[in-house]
Amino acid sequence: MKMPFADFHSDTLTVMSEKGADLFENGLNFDAKFAQNLDEFLQVFAIFLPENLSEKEAKEYYQRNIDYFHNQLNRFSDKVILVKKREDLKKKGKIKILLSIENFSFAAEEEIKKVYEDGVRIASLTWNSDNAFAGGALGSGQISENGKKIIRKMEEIGITLDLSHLNPKSIDDALKIAKKPVLATHSSSLSIHKNPRNLSDESYLEIVRRGGVAGVNFHKDFIGPNFDATAVARHIEHYYKLDENGVVLGSDFDGADMPNDIRGLRDIGLIFSEIENLGIPIEKLYENAIQFLEKIL
Ligand SMILES: [Zn+2]
């Protein structure tokens with residue numbers, strides 16, 4: 001079985017930087033050593049900014065994480081590359097990493113330019129609560145005037161908007177404002193399992209119509225009811241049947257409770273077997289990811 005792998009969300013970088021762990025052999029869900037065995041490998045590393053930080057603290061937190069990442073990248077430059085432009089996708093034989101920000105709470109024109117220079121290519125505006133820009137999945141807010149400005153500025157500079165963690169009203173607002181393709185990096189299907197973090201069929205279809213993708217999240221609370229690889233596969237199948245061109249993976253490695261039978265990346269074969277049994281080619285998920293990245297990079 002050929003196993004090309006592309007995944008749009010993990011919190012591994014934040015955990016690594018907190019623990020002082022290495023990209024290789026770190027005992028985490030994400031395992032760079034195992035990644036080398038897969039046919040293709042691309043992982044988005046999020047810098048997750050906790051909600052309780054002040055603007056100054058958030059900037060410092062971000063800086064610590066980005067410095068940690070660039071250190072790791074230098075150490076393992078023979079095996080790993082940071083994907084910043086389209087041509088980087090073609091480089092063979094290396095682990096490809098993209099950078100995103102989850103909860104870009106300190107976004108402003110200068111900061112957007114700075115994080116772009118650092119290599120960040122995807123960002124979400126909130127986590128689960130409302131903030132100055134938008135309404136989070138557990139909040140009731142909408143996209144503010146300032147939030148609209150930030151979305152436009154991100155598009156202008158080249159950072160793609162991530163809709164995961166927004167509430168439905170904010171997703172609708174964002175889809176009206178955005179002119180370029182957007183994505184939901186780690187959002188499973190609301191039709192398969194009711195949870196405020198999951199994505200409605202309407203939102204999924206609108207994201208895909210605009211050239212975007214949605215990554216199925218492996219988190220137990222989002223996949224129900226049996227919390228296993230089969231449950232994850234059902235979400236993939238649902239998106240695939242709605243529109244086969246929009247479904248990708250958004251595992252949430254090292255930021256979520258994994259399904260009972262999934263310890264992390266090394267068990268990805270279980271999910272791949274399930275979806276193959278459902279008649280979905282594994283390669284299709286990878287192709288969707290690459291075709292999307294070719295549009296936004
Ligand atoms: Zn998240």
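Predicted model: local features only at pLDDT ≥ 70, side-chain atom pairs only at ≥ 80, totals over all residues.
Me: Which residues of helix α1 are buried?
Reply: A residue is buried if 20 or more other C-beta atoms lie within 10 Å of its own, exposed if 12 or fewer, and partly exposed in between, with C-beta atoms placed from the backbone. Helix α1 spans residues 12-19. Its buried residues are Thr12, Leu13, Thr14 and Met16.

Me: What covers the buried residues of α1?
Reply: Contact means that two C-beta atoms, placed from the backbone, lie within 7 Å. The cover over the buried residues of α1 includes β1 (4-10), β2 (40-48) and α3 (55-75).

Me: Why does Thr12 count as buried?
Reply: Thr12 sits in helix α1. Leaving out residues up to four places away in sequence, Thr12 touches Leu28, Asn29, Phe30, Phe45, Phe253 and Asp254. Thr12 counts as buried because its C-beta neighbours inside 10 Å number 26.

Me: How many of the residues of β2 are buried?
Reply: Strand β2 is mostly covered. Of its nine residues, the number buried is eight.

Me: How many bridges join β1 to β2, and how many pair β2 with β4?
Reply: Strands pair if DSSP finds at least two bridges between them. β1 and β2 run parallel, joined by five bridges. β2 also pairs in the parallel sense with β4 (residues 95-102), and there the bridges number seven.

Me: Which handedness does the β-α-β unit of β7, α7 and β8 have?
Reply: β7 (residues 183-184) runs parallel to β8, with two bridges between them. Helix α7 covers residues 201-209. A crossover is right-handed if, with the strands pointing away from the viewer, the path from the first strand over the helix to the second runs clockwise. The unit is right-handed.

Me: Are the residues of β8 buried or exposed?
Reply: Val213 and Gly215 point one way from β8 (residues 213-216). Ala214 and Val216 point the other way. All of them are buried.

Me: Which residue in β9 is the bridge partner of Ala214?
Reply: Ala214 is also the partner of Ala184. β8 pairs with β9 (residues 247-249) in the parallel sense, over three bridges. The partner of Ala214 in β9 is Val247.

Me: At what angle do α4 and α5 pack, and how far apart are their axes?
Reply: α4 covers residues 109-118 and α5 covers residues 145-157. Axes are lines fitted to C-alpha atoms, for helices over the stretch in contact, and angles run from 0 to 180 degrees between N-to-C directions. The angle is about 35 degrees, and the axes are 10 Å apart.

Me: Which residues make the contact of α4 and α5?
Reply: From α4 come Glu109, Ile112, Lys113 and Tyr116. From α5 come Lys153, Met154 and Ile157.

Me: Is the peptide bond from Gly224 to Pro225 cis or trans?
Reply: Most residues other than glycine have a negative phi, and most peptide bonds are trans. Pro225 is in the loop between α8 (220-223) and α9 (229-242). With omega near -25 degrees, the bond from Gly224 to Pro225 is cis.

Me: What is the phi of Asn103?
Reply: Asn103 lies in the loop between β4 and α4. Asn103 counts as buried because it has 26 C-beta neighbours inside 10 Å. Although not a glycine, Asn103 has a positive phi of about 75 degrees.

Me: What is the phi of Asp254?
Reply: Asp254 is in the loop between β9 and α10 (268-277). Its 22 C-beta neighbours inside 10 Å make it buried. Asp254 is not a glycine, yet its phi is positive, about 65 degrees.

Key: Residues numbered from 1 in each chain as written. Helix = DSSP H or I, 4+ residues; strand = E, 2+ residues; numbered from the N terminus.
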